[in-house]
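Open the model in your viewer and keep the selection tool at hand. We will go stop by stop.

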Amino acid sequence: MEMDDAKFNALVADALDQIPPQFAKLLENVVFLVADEPSADQLADANGEDLLGVYEGIAINDGDFFRVGVGEPNRIFIFKEPTLRMCRTEAEVAEEVLVTVFHEVAHHLGIEEDTLFELGWA
């Protein structure tokens with residue numbers, strides 16, 4: 001599947017627009033980034049799993065979240081090329097981007113991988 005950056009970025013923006021307001025207001029300190037591929041460090045942290053997105057930061061339910069001066073801003077990366085490799089149609093890309101955005105936002109909210117899997121968001 002091929003898609004230009006503008007179209008992929010628009011799908012990410014559409015997914016962000018679908019986040020319910022009560023959760024969106026909790027994302028004020030989160031930067032959303034689109035990258036072509038995960039970095040070597042991100043891949044190493046994934047323990048061999050395919051990465052469509054990744055959350056880097058301190059979850060809001062972590063005691064350190066509200067401490068001033070703790071680390072860099074929270075970031076959510078959405079990876080274009082791995083997503084395109086696993087999808088065959090634009091509709092599949094849109095669905096996968098939506099699931100990935102919600103999945104990574106859930107990590108910011110403190111929801112663990114096992115729970116996301118049980119809910120069908122993994």
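In which sense do S1 and S3 pair, and over how many bridges? Select both strands. The pairing is parallel, over 6 bridges. Keep in mind that this is a predicted model.

**Stop 1: the sheet**

The 3 strands make an open sheet, ordered S1-S3-S2, with mixed pairing. Strand S1 (30–35) and strand S2 (53–56) are at the edges. Each has a single partner strand, so one side of each has no neighbour in the sheet. From one strand to the next, the twist averages 15 degrees.

Valine 30 sits opposite asparagine 74 in S3. Phenylalanine 32 sits opposite isoleucine 76 in S3.

Move across to S2 and S3. These two pair in the antiparallel sense, over 4 bridges. Pick valine 54: its bridge partner in S3 is phenylalanine 77.

Is S3 largely enclosed or open? In S3, 5 of the 6 residues are buried, so the strand is largely enclosed by the rest of the structure.

**Stop 2**

Next, select H5. Helix H5 lies across S1, S2 and S3. H5 runs at about 20 degrees to S2.

**Stop 3: the nonpolar cores**

In soluble globular proteins, nonpolar side chains tend to be buried together. Look for that here. The largest nonpolar core has 19 residues. Show Phe8, Val93, Val97, Val101 and Val105, which have the most contacts inside this core. Helix H1 (5–17), strand S3 (74–79) and helix H5 (90–108) each supply at least two residues of this core. The largest share, 5 residues, comes from H5.

Centre the view on valine 93. What does valine 93 contact, leaving aside its neighbours within four places in sequence? Its partners are Met1, Met3, Phe8, Leu11, Thr83, Leu84 and Cys87.

There is also a second, separate core, with 6 residues. Select Leu51, Val54, Phe77 and Phe79, which are among them.

**Stop 4: the largest pocket**

Rolling a probe the size of a water molecule over the atoms shows where empty space is left. The largest pocket holds about 570 Å³ of space. How many residues line the largest pocket? The lining has 22 residues. Highlight Glu49, Asp50, Leu51, His103 and Glu113, which lie nearest the centre of the pocket.

Colour the lining by element. Helix H3 (40–45), S2, helix H4 (80–86) and H5 each give two or more residues to the lining. H5 gives the most, with 6 residues.

**Stop 5: aspartate 50**

Finish on one residue of that lining. Aspartate 50 is found in the loop between H3 and S2. Is aspartate 50 buried or exposed? Its relative accessibility is 73%, so aspartate 50 counts as exposed; the cut-off for exposed is over 50%.

Last, select alanine 15 as well and draw a distance line between the C-alpha atoms. Aspartate 50 and alanine 15 are 35 residues apart along the chain. Their C-alpha atoms are separated by 20 Å.

Terms used. Residues numbered from 1 in each chain as written. Predicted model: local features only at pLDDT ≥ 70, side-chain atom pairs only at ≥ 80, totals over all residues. Heavy atoms only, no water. Core = buried A, V, L, I, M, F, W, Y, C linked by side-chain atoms within 4.5 Å. Buried < 20%, exposed > 50% of the residue type's maximum accessible area, 1.4 Å probe, protein only. Contact = heavy atoms within 4.5 Å. Pairing = 2+ DSSP bridges. Axes fitted to C-alpha atoms, helices over the stretch in contact; angles between N-to-C directions. 1 Å grid on protein atoms, 1.4 Å probe; cavity = no way out; pocket = protein on both sides within 12 Å on 5 of 7 lines; lining within 4 Å. Points joined across faces, edges and corners; volume = space filled by probe spheres on them.
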